[in-house]
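This report goes through a two-chain model part by part. Please look over the sequence and the structure first.

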Amino acid sequence: MKRAYIVGGALIMAFAALGVAQFKSLLTPYVGFQEAMASSAQVQVKGKIVKESVRFDRDANRLVFDITDEQGRRMTVEYGRAAPGNFAQASHVVAVGQAKGGVFHARDLLIKCPSKYEGQTYTGE
Amino acid sequence: MTAGHVLIIAALGGSLASLVLFALVARGREGLRDHARSAFTATSILVAAASALLWWLMLSDRFDVRYVHDYSSSAQPPVFKISGFWGGQEGSWLLWLLFISLAGLALMRRAAHAEGAAMAFWSSVQAFFLIILIQRSPFAPTPVPVEDGMGLNPLLQNYWMAIHPPVIFLGFTLLSVPAAFAFAALVTGDFSRWSRLAHGWALGGWTVLGVGLLLGGVWAYETLGWGGWWGWDPVENSSLVPWLVGGALLHGLMLEKRRAAWRKLNLFLAYAAFVLIIYATFLTRSGVLGDFSVHSFASLGNHHWLAAFLTGYTLLGIGLVALRTRGIEQGEGYDSISSKEFLVFLGIVLFGLAAVLVAIGMSSPLLSAALAGRAGNVPVEYYYRVTTPVALAMMALVGMSPLVAWSRSRRPSRAGKQLLAALGISLALGIAVGVLFWVRSGPEIGARVAVGWFALSILPPNLYTLIDTLRRQGPLASGGHAAHVGLAILFLGMLASSHNNGAEPDRLALTQGKPQEHLGMRWTFSGVRDGEGSSRKQTLELRVERPDGRVLTVSPSLEEVRDGSEMRRPGIRSSLAGDLYVAPVELGVENPPPHAHLERGGKADLGPYRVEFLGFSGMEQKPDGSVQAGARLRVRERDGTASQEILAAIRLGQGQPRYLPGRIPGTEDQIVLTQMSVESGGISVLLDGPKWRENAGLQAVLEVTFKPLAWVLWLGAGIIALGGALSTVRRVREARLPEERGGSEALVRQIEEIEALTGPEAAARMV
């Protein structure tokens, strides 16, 4: 019985260590605009979409728009793909990515549609 | 108070009564058993009646009921009126409760000596669901009178989506039953038969939940256009974690039945599966993950109840373990580490590890908020990195499984040992080659090579054993082997079909009538077919000529749905070689007509015209609640001098804006006001007319990927499900065996010993 605990325990420790290491290195914290702009780490930000600012550059295949936070601060977000399905109607967006040269480069956009349980679905993957 | 409310409240009374009565039965008041059963049966009938009522309300278009208004409409096809039952939270709670009640009726008849305690536990679960349904009733009235319903979300109006949630809820229900037996065993202190009673339920729940996950994957692939079949979204993960724990449990129960070993571990796993199902429900329905998931989780304000339920059952489990764990007798888990018993134990550890690692990722917002003080989330890479090593280790065990003997069976033959050595060498080579590729081409390629190598190495021994078992003992004994073969095939399919997932998909912009070469095929966009009636569906018709001359038609579609969001359904053409997966991005024009943005007093060139924005013409409220606003424009031909003032307007209300263009006198052209902002004082205009329309050129932008051998993935998953189903049938039958044959444990043991022999024997004959 002892050996089972030793082998099982070693396995668990090894994988748990891997899990914790990956968790720590990949965790993208939720931050405010100022912090997002100040760092170059992967973070996620949430903001209200400024409707007038939304434009899609078809040649560069890039969606660019501004978001504002609750304090009214403004930030430009760039997304290297077409707008997600329900982007046009979304009020808020969660952008996952990093800041580079004053612009937030999003690799994922999560659309907030407060209407429904399981349904409004989109992923950038 | 409507009939629906009355049914739910009466059912709560019934379930509390059956809870108390069954608890008394468990304490020895045998005379109450019939009353307890009657109370539970009556409760279940009330739940069934409430469900029937909701279906009837859906089918008879009773839009005065809010739930019907929200998830149905008079134009909705009857099949989606039926599936609209679980289109929203309240209805899906009711459906789940219906399954719990039906499963309870079966459990009541099958629970043997454990009936009192197990049914008391089950009644408590039923009561909890009823409390949730009183909190958020599907029978609540619509606050204001309405003509018609809003209709079920079109994403859910789909064959796969109609059957996916019921299958998941059925899986959750069945996989919770072992917890009732674990509870009963802990309360009564009688552990002798709990594993035999629970095994069939565990297998059944694991299989059904697995099929549910698979259906969700098919839905994501075919309807949502995720491009893949698994997105590691919290909604998916939250069902995956109980499934992994269920996988650990059914292996553990197998060991416990063989030699009364790992009893404490199994009791823990059975109870953990149940608690994790509630935890999953809490995460996905309380709204706590709202900012972290691509699904939207609107909180219905019942998360306090969910949290209370979760905490209550967790504390109950901890309390029982604290009180009872010393009294649990269990045998030795294995005799030697080269026995199959030990191998299976390691498998259980890996299942548990996979569950913990996925659960950590899925809970990352809560964990990081609690530990680091602020919420964060992990990306999809986390899951790939932590699960790949677990998957490799698990495959190694699955590969060894048919080559290693149970410890009390005959000594393994020499040939068996040689095969095991050969497998070991192959797996070691796989690791070595994987590391080589890791160094040369990066970790992802390395991992893929190793996973593929492992899957190919473990397939032959398992396939051989499966065929051999099928021939000698029939299908019922082959379930486990089939699942192992399916696992290897599933991994191969996953690798093949996702081989280009990392890269950005190729984007193809096709202008109507202008063929293009892409991926070695000739693509033609022949036109757009509009949906019938009020549907806003636009189907893109694509003709694809393959090099061998065969012509395929692919029809992805774009649809604007009720709330204005866009649904993009991929076009998929499957063949033996793989799936051609065409996801629509947008439908636009190649040469957009002249357009401009103007500030008040500003001028711009618009094609042959010069346009000046003079000012807004004032806003007007229309009787239907919409607002009409116009812009005054001065227009002259650029090479002319005569200018004229025209008015273009836009009407904004519910739904799409209505454009009221201004015709330029003496021409066929008109100016459309497409956007305006009173705040910034700016407008957007474009030039419309026959000339501009002809020249525009309809253009479809598509993302095209080819997914090689996609069918292999579904085949592997299907074989696992079939294996699970076969084992379920076997274990359900077996659970009845001891009673019918006067409790002959020895006979069951004997049968299993004989089966165990076939593993190494089969291996010996392979040489």
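## A first helix

Helix 1 of chain B covers residues 3-26. Its 24 residues reach 34 Å from the first C-alpha to the last, close to the 34 Å expected at 1.5 Å a residue. The expected span is 1.5 Å times one less than the number of residues in the helix. Helices (H or I, at least four residues) and strands (E, at least two) are DSSP runs, numbered from the N terminus. Just after helix 1 of chain B comes B:Gly28, with a positive phi of about 105 degrees.

## How to read the model

This is a predicted model, in which local features need pLDDT of at least 70 and side-chain atom pairs count only at pLDDT 80 or more, while totals for chains, interfaces and linings use all residues. Residues are numbered from 1 along each chain as its sequence is written, and chains are lettered from A and ligands numbered from 1 in the order in which they are written.

## The two chains

Chain A has two helices and six strands. From the N terminus on, they follow the pattern α-β-α-β-β-β-β-β. Of its 125 residues, 38% count as buried. A residue is buried if 20 or more other C-beta atoms lie within 10 Å of its own, exposed if 12 or fewer, and partly exposed in between, with C-beta atoms placed from the backbone.

Chain B has 20 helices and 20 strands, and 49% of its 767 residues are buried. Two residues are in contact if their C-beta atoms, placed from the backbone, lie within 7 Å. Among contacts in chain B with a separation of 6 or more, 69% are between residues 24 or more positions apart. In chain A, 43% of the contacts between residues at least 6 apart in sequence join residues at least 24 apart.

## Strand pairing

Strands of a sheet pair through backbone hydrogen bonds, either parallel or antiparallel. Here two strands are said to pair if DSSP finds at least two bridges between them. In chain A, strand 2 (residues 43-57) pairs with strand 5 (residues 92-100) in the antiparallel sense over six bridges. In this pair A:Val45 stands opposite A:Ala95. Strand 2 of chain A also pairs with strand 3 (residues 62-68), again antiparallel and over six bridges. There A:Phe56 faces A:Leu63.

Chain B holds an open sheet of four strands in the order 11-19-18-17, with antiparallel pairing. Its edge strands are strand 11 (595-599) and strand 17 (662-663), and each pairs on one side only. Strand 17 of chain B is joined by two bridges to strand 18 (residues 670-677). B:Gly662 stands opposite B:Ile671 in strand 18.

## Nonpolar cores

A nonpolar core is a set of buried Ala, Val, Leu, Ile, Met, Phe, Trp, Tyr and Cys residues joined through C-beta atoms within 7 Å. The largest one has 191 residues, and those with the most contacts inside it are B:Ala118, B:Phe181 and B:Ala273. Helix 7 (residues 159-188) of chain B gives the most to this core, with 18 residues. Apart from it lies another core, of 21 residues, among them A:Ala36, A:Val93, A:Val94 and A:Phe104.

What does B:Ala273 touch, not counting residues up to four places away in sequence? Its contacts are B:Leu175, B:Pro178, B:Ala179, B:Pro242, B:Val245, B:Gly246 and B:Leu249.

Helix 14 (residues 380-400) of chain B has 21 residues and reaches 31 Å from its first C-alpha to its last, close to the 30 Å expected. It bends by about 30 degrees at B:Thr387, and the proline B:Pro389 follows within four residues. The bend is the angle between axes fitted to the seven residues ending at a residue and the seven starting there.

In helix 13 (residues 364-371) of chain B, the buried residues are B:Ser364, B:Pro365 and B:Ser368. They cover an arc of only 100 degrees around the axis, which puts them on the same side of helix 13. The arc is that of the directions from the helix axis to the C-beta atoms.

## Residues in loops

B:Ala260 is in the loop between helix 9 (234-259) and helix 10 (263-285) of chain B. Its phi is positive, about 55 degrees, although B:Ala260 is not a glycine. With 16 other C-beta atoms within 10 Å, B:Ala260 is partly exposed.

B:Glu332 lies in the loop between helix 11 (303-324) and helix 12 (340-362) of chain B. B:Glu332 and B:Arg259 are 73 residues apart in sequence and 7.6 Å apart in space, C-alpha to C-alpha.
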